[in-house]
Every structure is written in structure tokens, then in C-alpha cells.
Amino acid sequence: EYMGINTMDLSEKGDPKKAVFLSVSAGSVSPKSVSPPEQISPGICGTHYPLSIAFIVVNEFCERFSYYGMKAVLTLYFVYFLHWDETTSTSVYHAFSSLCYFSPVIGAFIADSWLGKYKTIIYLSIVYVIGHVIKSVGAIPSVGNQIAHVILSMTGLSLIALGTGGIKPCVAAFGGDQFEEKHVQERNRFFSVFYLAINAGSLISTFLTPVLRGGVQCFGGDCYALAFGVPAALMIVALVVFITGNRLYKKTPPQGNILLEVCKCIVFALRNRIRNHSPEISKREHWLDWASEKYSNQLITEVKMATQVLFLFIPLPMFWALFDQQGSRWTLQATKMNADFKGFVLQPDQMQFLNPLLILVFIPVFDFGLYPLVNLCRINFTPIKKMATGMILASLAFAAAAIVELKIEENAMPIPVPKESYIRVLNLADSDVELTIEGYDLFRQPIKPFQDPAEYSRLILNSDQQFIQVKIQHQGLSSTCNHSIDEMSVNSLIIYKRGGNLTTNIVSWKSNGTKVRYLRIQANVPCMKIIYLFIAKSTQSCWVIFS
């Protein structure tokens with residue numbers, strides 16, 4: 001008897017739950033308990049599809065909705081709610097992803113060695129739900145201070161990572177266990193439906209949760225609590241649905257940890273080879289053959305096959321490391337771009353829904369259109385060639401994203417967070433000007449006249465509106481001006497002559513976190529000079545107000 005399921009989830013990076021199960025002979029791993037009589041679930045409409053798989057598919061849809069819906073808005077939550085900078089937000093986002101992708105090892109070990117698949121799914125789903133609830137509470141502004149929000153968020157994310165990764169190696173395999181060995185075709189179709197449920201949940205959630213975040217206002221701003229709360233509710237539904245099908249499931253007891261056996265086999269082979277490293281001892285065909293003294297030929301053969309497959313996976317870590325940036329750096333890149341498509345505004349964190357959407361669109365296009373056409377042309381387009389072609393196209397896509405980012409960074413207007421503002425200076429006088437802002441160590445070099453303004457300098461404010469004192473030295477004369485600066489604003493300080501004297505004015509762009517909201521000019525400035533300001537550094541869609 002052989003037990004093995006090979007499922008592939010193309011919609012997500014290596015979704016933390018993606019797993020490849022090695023088929024290992026029953027003689028290789030000693031069962032820890034006697035299997036009870038198999039419970040046969042009634043078929044759906046008289047077919048060979050067990051009714052129990054309906055609960056598993058619905059559970060998977062709701063769980064994927066929950067995971068991707070929460071993850072879609074996570075980076076913007078770090079930047080605009082917790083007020084972290086982009087680098088810290090990206091680092092924490094990918095640390096969370098890494099934990100999600102490591103925890104399947106923990107879930108597989110628990111299921112194989114201790115609880116079995118069913119109980120592992122139940123218990124870790126409860127952990128998953130608790131993490132979602134804590135994460136949602138941490139997004140309510142009135143609950144505690146900044147430190148409390150960070151603690152709640154990190155605790156919730158840790159539990160979510162353990163839950164989502166821990167159940168992944170179990171759910172797909174548990175679904176495969178519901179079928180009898182002879183119903184191979186039905187089981188293969190189940191995995192297709194299972195895969196469709198994954199992409200459907202991902203598609204709907206990555207489109208909907210950004211709308212809940214940005215389209216609904218609560219607590220005076222974007223409603224992150226709602227954006228996290230809805231995925232939490234879907235995870236509760238997933239758990240309830242899965243438990244509802246309890247009586248219909250075919251449950252197999254834990255039969256030992258296959259991954260542990262494979263690791264032991266590899267270690268034993270290496271040690272045995274080193275101990276017998278002598279010219280007098282005959283060589284063996286493969287280095288894994290040195291494990292034959294202790295392990296069965298069946299296990300050794302399958303480990304050989306696994307190591308050969310792993311060779312193909314060498315380039316995948318780099319690919320997925322770049323691909324996973326769609327939820328971090330690519331989302332932050334989208335905040336700096338114009339996503340208004342003739343009235344339909346695509347939210348920055350909504351860009352991720354294009355991945356599952358294009359998967360669902362391209363699968364029938366490729367399977368029923370492109371690949372049959374290639375076969376008619378008698379081109380041997382093997383799976384390896386398909387993978388290589390995909391990698392080349394992906395490389396071009398990453399290169400295009402890098403070029404776009406370079407162009408954005410050349411002239412990008414910064415997006416400040418609360419208690420933060422940015423300022424730059426445009427000198428419209430007839431000679432160099434020395435400028436200082438009291439309390440800030442900025443503008444150490446003289447500012448030349450009619451030059452493209454330098455990069456924006458950051459101002460850390462003590463309140464949501466603060467007065468700054470600007471001191472100007474020009475041709476031996478000095479003057480002082482006071483201006484008010486709002487938080488989350490981008491400002492251009494204009495120096496110009498009026499009546500023979502130097503004066504200053506502020507042009508401010510007010511940001512709401514992801515886009516410019518309005519333009520404010522604090523005083524009258526000659527129109528021609530304002531136009532010069534925009535020509536010098538125009539990077540956003542702005543409206544100029546003349547008085």
C-alpha cells in the first residue's frame with residue numbers, strides 16, 4: 001500500500017500550505033496505531049465523489065479568503081496605521097511570510113507523529129482564528145496606545161502564521177484520503193476543484209478587502225479594523241464548516257513522520273559513506289545506496305527521486321523572493337502611481353488580485369488554445385521548457401518593475417505619515433540664498449537661484465500642525481519668516497523678491513496616506529513663478545489655485 005498526494009498551488013508562491021508528499025511504503029515507517037475500519041462517506045448525487053469533500057472545499061475557500069484578504073492590506077497597515085517606514089514594513093511583512101512558509105513543517109510533524117490530519121486541522125484552525133481576532137482588535141485605534149497596537153499585531157500575526165502554515169500540509173492530503181484507492185480520476189478532479197477554490201478565495205478577498213479598507217471610513221480614517229475583521233469572520237466560517245462534516249470524514253491515524261525518516265536515511269547514508277571511505281571498499285552506484293544496510297530499497301529509491309526533483313527547485317527561492325514583493329514593495333510602488341482608469345480607481349493593495357484573476361483566465365486559454373496549437377506545430381514543449389519560458393517572462397516582468405521604480409524614484413513626491421512632513425526650497429531670487437529652519441539641521445549649502453529643487457527633507461513634527469521659523473541670509477542681509485506646517489503634507493518653500501525685499505511662501509500638498517488630497521497656497525505668489533515650480537518638478541496630478 002502506498003500513500004501519497006502531489007498537489008500544486010500555482011496561485012500563490014509557494015503558498016505556505018503548499019506541500020509535496022512522498023509516497024513511502026508501509027514497510028518503511030512503522031504504524032503507531034491500528035487503523036480502524038474505514039468509514040465510507042456517501043457519494044454526491046450517486047457519484048464516486050464523497051460528500052465530505054464539499055466541506056473541505058468550502059473550508060479551503062474561506063481559509064484562503066481569510067489569509068489573502070488579511071495579507072493584502074498588511075503593508076499599508078504597517079505604514080499608515082503603525083507609522084513604520086517602508087523598509088521596516090517590508091521587513092516585517094516578509095518575516096511574517098517566512099514564518100508562514102516554515103510552519104508547514106511543524107504542522108506536518110504534528111499530524112504525522114501525534115494528532116493525525118483531522119485533529120491537527122481543528123486545533124491549529126482554532127489558533128488561526130484567535131490570531132485573526134487579536135489582529136483585528138489591534139487595528140482599532142481606541143484600543144490602547146501605539147505600543148499596544150504593535151504588540152497585538154505581532155501576536156496576532158504569529159498565531160496566524162502558525163495556523164495557516166500548520167494546516168496546509170494536512171488539508172489537501174485529508175481531502176485525498178476521502179477517496180478510495182480505485183477512484184484515481186475522481187481524486188484528480190477533486191484537486192482541480194480544490195485549486196479553483198484557492199484561487200477564487202484569493203481573487204475575491206484581494207479585491208474586496210482593499211475596498212473595505214479605503215472605501216469605508218471608521219475611527220476618522222481608513223477602516224483597517226473592518227478590513228481585518230471580515231477575513232477573521234471568514235476563518236470562523238471555515239472552522240465551523242469543517243467541523244460540521246465531522247461524521248462524514250474518513251480519518252486515518254498518524255503513521256509516523258515521513259520527513260523525519262527521509263532525513264534519517266540521508267544522514268545515515270552520508271555517515272556510512274564517510275566511515276567506509278577507503279580504496280579497498282567497492283564503490284556503490286549512488287551515494288544513497290550506502291543507507292541500504294538500514295533502510296528499505298523502496299525508501300532509498302524514492303529519496304533518490306526526491307533529490308533529483310529538488311535540483312529543479314534551485315532557482316525557485318529567488319523567483320518567490322521577488323514574486324512575494326507584490327504584497328510589499330509592489331504595493332508601495334502602486335501608492336506612487338496614478339491608478340484612475342477613467343473613473344474606476346484601483347487601490348494600491350488591490351493590484352494583487354490580478355494574479356489569481358490571470359491564472360483563472362489563462363488556464364483554459366493555455367490548455368485549450370495555446371498548447372494544442374503548439375502541438376499542431378510539432379513542437380515538443382515539455383514541462384521543463386514551459387517552466388524555463390515562464391522564468392524568462394518572469395525575469396522580464398521583474399526588470400520592468402525595477403525600471404518603473406527607478407523612474408518613480410527620480411521625481412517621486414514622498415508620502416509622509418502622521419507627525420511627519422516634507423519640505424524643499426525653490427529660490428526665485430537673483431542670487432544665492434542661505435536658509436535655516438530653527439530646530440532642524442537642514443539646507444547646509446547655499447540655495448542657488450532658479451535651479452531644480454533638491455530632494456525633499458523630512459520634518460518631524462510635535463503636533464498635527466506646527467509653526468516653523470525660517471531665517472534667510474541674502475547679500476549680507478537677513479530676514480525671518482514664520483510658516484505653519486501640517487502633518488502628512490509635502491511643502492515647497494518659495495523664496496522671491498517683492499518690493500526689493502526677500503519674502504517666502506509655502507505651497508503645500510496634503511496627503512491622506514496613499515494619495516494627494518489637496519493643494520494649499522498660503523499667500524499670493526506671481527502666477528508665472530508658480531508655473532515654474534510645477535515645470536521644474538512635476539510628478540503628481542495637482543491642481544493650482546490662483547487668488
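Tutor: What follows is a close look at the aromatic rings. The model is predicted, so local features need pLDDT of at least 70 and side-chain atom pairs count only at pLDDT 80 or more, while totals for chains, interfaces and linings use all residues. Residues are numbered from 1 along each chain as its sequence is written, and side-chain values use heavy atoms, with hydrogens and water left out.

The count of aromatic pairs comes to 28, where rings of Phe, Tyr and Trp (its six-membered ring) pair if their centres lie within 6.5 Å, and planes under 30 degrees apart count as stacked, over 60 as edge-to-face and the rest as tilted. In one of these pairs, the ring centres of Phe174 and Phe242 lie 5.8 Å apart with the planes at 55 degrees, so the pair is tilted. This pair joins distant parts of the chain, since Phe174 belongs to helix H5 and Phe242 to helix H7 (residues 224–244), 68 residues apart; helices here are DSSP runs of H or I with at least four residues, numbered from the N terminus. Phe174 has 1% relative accessibility and counts as buried (under 20% relative accessible area, with a 1.4 Å probe and protein chains only), and Phe242, at 2%, is buried too.

Phe190 and Phe191 make another tilted pair, 5.2 Å from centre to centre with 55 degrees between the planes; Phe190 is buried at 2%, and Phe191 is buried at 15%.

Elsewhere, Tyr77, Phe78, Phe81, Trp84, Tyr224 and Phe228 form one aromatic cluster.

Notes:
Helix = DSSP H or I, 4+ residues; strand = E, 2+ residues; numbered from the N terminus. Buried < 20%, exposed > 50% of the residue type's maximum accessible area, 1.4 Å probe, protein only.
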